[in-house]
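Q: Please take a close look at one part of this structure and describe how it packs against its surroundings. Give the cut-off behind each term as it comes up.

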Amino acid sequence: MTAGSALSAALLGSLGTRVSTRWYRELDTPAWQPPGWVFAPAWTTLYTLGAISADRALTRSAGADRRRLKGCWVVNLALNTGWSWLFFTARRPDVALIDTTLLEASTLDLIRLTRQVDRPAALLLLPYAGWVAFATALNLEIVRRSRGGPVPRST
C-alpha cells in the first residue's frame with residue numbers, strides 16, 4: 001500500500017502541476033521562493049521518506065491503530081495531490097491555501113499517530129511537515145500578493 005500509494009499520489013499531483021504556463025510564470029512570488037528545479041528532488045525525497053515511514057508504522061500496528069494510520073495516510077495523500085490541481089490547474093491559490101493548511105494539520109496528525117506506533121517512522125515525517133509548512137507560507141504570500149482573491153487567468 002505505501003510505496004504504490006505514494007507513487008500514485010506523486011504521479012497524480014505531477015499531472016496537475018503546470019509550471020510552464022504563462023499564468024504561473026507571471027505570479028507575483030517572493031524572492032525566497034526556491035528555484036523550480038528544487039521541487040522535484042525535494043518531493044521525491046519526501047514521498048520516499050513518507051512511504052518508508054508508512055510501511056514501518058503500518059507493519060508495526062494492528063486493529064484500530066492500523067485503520068487510523070491508513071485513513072490518515074490516505075487523507076494526507078489526497079490533500080497533497082489536490083493542492084497541485086487546485087493551485088496549478090484550477091489556478092486558485094486562495095483555495096489551494098485552504099488545502100495546504102489542512103495538509104499541514106493532517107501531516108502533524110500523521111506524525112502524532114505514527115509516533116504512537118514507531119518513533120523512528122514518525123521522525124522520518126518531520127522533513128515533510130517542515131516542507132509543507134514552508135509551502136503553506138509560500139502559498140499564503142502568493143495569495144497576499146494577489147490581494148486574497150483568485151489570481152487572474154492568463155494562458
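A: Helix 4 passes helix 5 in a left-handed crossing, meaning that the near helix is turned anticlockwise from the far one by less than a right angle, whereas clockwise would be right-handed. Helices here are DSSP runs of H or I with at least four residues, strands are runs of E with at least two, and both are numbered from the N terminus. The model is predicted, so local features need pLDDT of at least 70 and side-chain atom pairs count only at pLDDT 80 or more, while totals for chains, interfaces and linings use all residues. Residues are numbered from 1 along each chain as its sequence is written, and side-chain values use heavy atoms, with hydrogens and water left out.

The axes of helix 4 and helix 5 (residues 93-117) lie 9 Å apart, at an angle of about 160°. Axes are lines fitted to C-alpha atoms, for helices over the stretch in contact, and angles run from 0 to 180 degrees between N-to-C directions. Helix 4 is therefore roughly antiparallel to helix 5; the label applies over 145 degrees, with under 35 counted as roughly parallel, 65 to 115 as roughly perpendicular and the rest as oblique. Their contact (heavy atoms within 4.5 Å) has 16 nonpolar, seven polar and three charged residues. Here Ala, Val, Leu, Ile, Met, Phe, Trp, Tyr, Cys and Pro count as nonpolar, Asp, Glu, Lys and Arg as charged, and the others, Gly among them, as polar.

In the loop between helix 4 and helix 5 is Arg91. Its phi is near 55°, a positive value in a residue other than glycine. Most residues other than glycine have a negative phi. Arg91 counts as buried because its relative accessibility is 14%, where buried means under 20% relative accessible area, exposed over 50% and partly exposed in between, with a 1.4 Å probe and protein chains only.

Helix 4 (residues 63-89) also meets helix 7 (residues 126-145): the axes come within 14 Å and cross at roughly 30°. These two helices are therefore roughly parallel to each other, and this crossing is left-handed as well. Asn76, Asn80, Trp83 and Phe87 of helix 4 make the contact with Tyr128, Asn139 and Ile142 of helix 7. By class, four of the residues in this contact are nonpolar, three are polar and none is charged.

The largest nonpolar core has 23 residues, and Leu69, Leu110 and Tyr128 touch the most other members. Such a core is a set of buried Ala, Val, Leu, Ile, Met, Phe, Trp, Tyr and Cys residues joined through side-chain atoms within 4.5 Å. Two or more residues each come from helix 3 (39-59), helix 4, helix 5, helix 6 (119-124) and helix 7. Helix 3 gives the largest share, six residues. Beyond its neighbours within four places in sequence, Leu110 is in contact with Leu69, Cys72, Trp73, Asn76 and Leu125. A second, separate core of nine residues includes Trp23, Tyr24, Phe88 and Ala96.

Ile142 turns up again in the surroundings of Gln33: outside four places in sequence, Gln33 is in contact with Tyr24, Leu138 and Ile142. Gln33 belongs to the loop between helix 2 (22-25) and helix 3, and counts as buried because its relative accessibility is 17%.

As for the whole protein, there are seven helices and zero strands, and 44% of the 155 residues count as buried.
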